[in-house]
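Welcome to this short tour, and please have your viewer ready. We will go from one selection to the next and look at what each one shows.

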Amino acid sequence: MTTTKKPPAWRRRSPDPVPVAPPCDTCDGTGETTTTVRVGRKRREIGAIQTGLCPDCFGTGTA
């Protein structure tokens, strides 16, 4: 009487590591950019600074 081998049991694979997105170059990963405020017809700079969303990453901080 010949015996047949059973197929090997399924083994769980370790999950692949989640890739980490590099930080955005424009905002350095903060999601905000700063610009100087300009006023008037000749676009004169005043001593104020305003912040806004990064145009490259839309505030997420990742590229």
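This is a predicted model: local features need pLDDT of at least 70, side-chain atom pairs count only at pLDDT 80 or more; totals for chains, interfaces and linings use all residues.

Is Cys54 buried or exposed? Cys54 counts as buried, with 1% relative accessibility.

**Stop 1: the cysteines**

The cysteine sulfur closest to that of Cys54 belongs to Cys57, at 3.7 Å. A disulfide needs two cysteine sulfur atoms within 2.5 Å, so this pair is too far apart for a bond.

Now select Cys24, which is also buried, at 5% relative accessibility. For Cys24, the closest cysteine sulfur is the one in Cys54, 3.8 Å away, and again that is too far for a bond. A search of the whole structure gives zero disulfides.

**Stop 2: the hairpin**

Next, select residues 32-39, which are strand S1, and residues 44-53, which are strand S2. The two strands pair in the antiparallel sense, with seven bridges between them. To see two residues facing each other across the pair, show Thr34, which stands opposite Thr51 in S2.

Together S1 and S2 make a hairpin, with four residues between them. Click on Gly40 in the turn: its phi is positive, about 85°. Then move to Arg43, in the loop between S1 and S2. Arg43 is not a glycine, yet its phi is positive too, near 55°. Arg43 counts as partly exposed, at 48% relative accessibility.

**Stop 3**

Continue into the segment after S2 and select Phe58. Phe58 has a positive phi of about 55°, although it is not a glycine. Its relative accessible area is 66%, so Phe58 is exposed.

**Stop 4: charged partners**

Side chains of opposite charge can pair when their charged atoms come close. How many salt bridges does a search of the whole structure find? The search finds two.

Definitions and conventions: Residues are numbered from 1 along each chain as its sequence is written. Side-chain values use heavy atoms; hydrogens and water are left out. Buried means under 20% relative accessible area, exposed over 50%, partly exposed in between (1.4 Å probe, protein chains only). Two strands pair if DSSP finds at least two bridges between them. A salt bridge is a side-chain nitrogen of Lys or Arg within 4 Å of a carboxyl oxygen of Asp or Glu.
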